[in-house]
Every structure is written in C-alpha cells, then in structure tokens.
Amino acid sequence: MAKDPEAAFFKRLEGLQPCEVSTLKPGTHIFAVYGDNFFKPASYTIEAMCAKSYEDTTERLKEIEAKILEKRNDLRQFETEYRKALAQFQEATARYTQEKEVVDDMLRERDDIHSSFTTERTITSSLGAGSSSSRYPVEQNKTESPENGNIDSRDKSSKKKWFNLNLNRSDKRA
C-alpha cells in the first residue's frame, strides 16, 4: 500500500464496517466478543449507555455511514474509469516521447543535409561499418597550371565564387 498510494486510496473504504447501534430491551443481556488472541491477549472494553440522550448523534452517525458506504460504491466504479484514463495517459506520454525522438532525428538529419551545402564536404572512408569521416575544404577551380607558366595570368573565373557571383571586391571598376 505504501508503494502504491492510489491503490491505498481506492481500498481505504473497503474494510469499513458500519457501527451498529442497537436498542436493548430491559432485562439481562450476554455479550460475546470474538477476537484473535493467538499472539497476544486481546482486551476489549464494552460500554453501555442510555441511547435516549444520544438520539441526534446516533442519527448523524447513521447518515454519515450511509454516505460513506455510497461513496465506497462510487469509488469502485471510479477506480475502473481512473485506471483506464491513467493507461491512456501513459500510452499518450509514451507516444509523445517516441514522436519527439522521431522529430528530433528528422531535424538532425535535415541539419546534416543543410550542412552538406557548405564549402566543406564529408568524405566517408570505405573501411567498414565503423568508418570515420573526415572533412576538408573543397578546393576551388584553379586555372593556373604549369603550362600557362604565369601565376599572375589567372582570369576572373579562378576567384572564389558563390552561386556564380564574384564576391571578391578588389576587381571592382572605379
């Protein structure tokens, strides 16, 4: 019960025994009390009093116990509803976690794809499943070659371009 406080709550009224208030007619009465005194002796106190002076209290006791018994029946029905709703909530929470992981993975993959559009590219070694990848900058078109012989004879197309736009501002015409 301490490990599951919800079960303890729903079972709290299960062992409730309504108090018995009986009227006794004048005469001799014998009372017997049954108890388990196997481990230790049981002691009981029996109290007899005049019910006439406690009529209002007796009626209130009967009313509240009737309400408690009705509440016990309501809680039995509510427990099944609660357990169903709790199972649905746990299922929805598990699905939320799963969906969140899927979305995170998809966004991570999207970011990786976006990063492939940069001036660095990833080369994957074919050494096996645990292969490592290394990044190195992409070399731009170099039109200088030993055949041309002159490094200064580069044309404008050899400069770094981004989407065919010459971003080097040093060749602006004044």
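What share of the contacts in the chain with a separation of 6 or more comes from residues 24 or more positions apart? Such residues account for 35% of those contacts, a contact being heavy atoms within 4.5 Å. This is a predicted model, in which local features need pLDDT of at least 70, side-chain atom pairs count only at pLDDT 80 or more, and totals for chains, interfaces and linings use all residues. Residues are numbered from 1 along each chain as its sequence is written, and side-chain values use heavy atoms, with hydrogens and water left out.

**Fold and burial**
- The chain has two helices and four strands, in the order α-α-β-β-β-β; helices are DSSP runs of H or I with at least four residues, and strands are runs of E with at least two, numbered from the N terminus.
- Of the 174 residues, 5% are buried (under 20% relative accessible area; exposed is over 50%, partly exposed in between; 1.4 Å probe, protein chains only).

**Aromatic pairs**
- The structure holds four aromatic pairs (Phe, Tyr or Trp rings, the six-membered one for Trp, with centres within 6.5 Å; planes under 30 degrees apart are stacked, over 60 edge-to-face, the rest tilted).
- F9 and F10 pair edge-to-face, at 5.3 Å centre to centre and 65 degrees between the planes.
- F9 is partly exposed at 42% relative accessibility, whereas F10 is buried at 6%.
- F78 and Y82 form a tilted pair, at 6.0 Å and 45 degrees; both lie in helix α2 (residues 55-115), four residues apart, about one turn of the helix.
- F78 is partly exposed at 38%, as is Y82 at 24%.
- Ring pairs link F9, F10, F78 and Y82 into a cluster.
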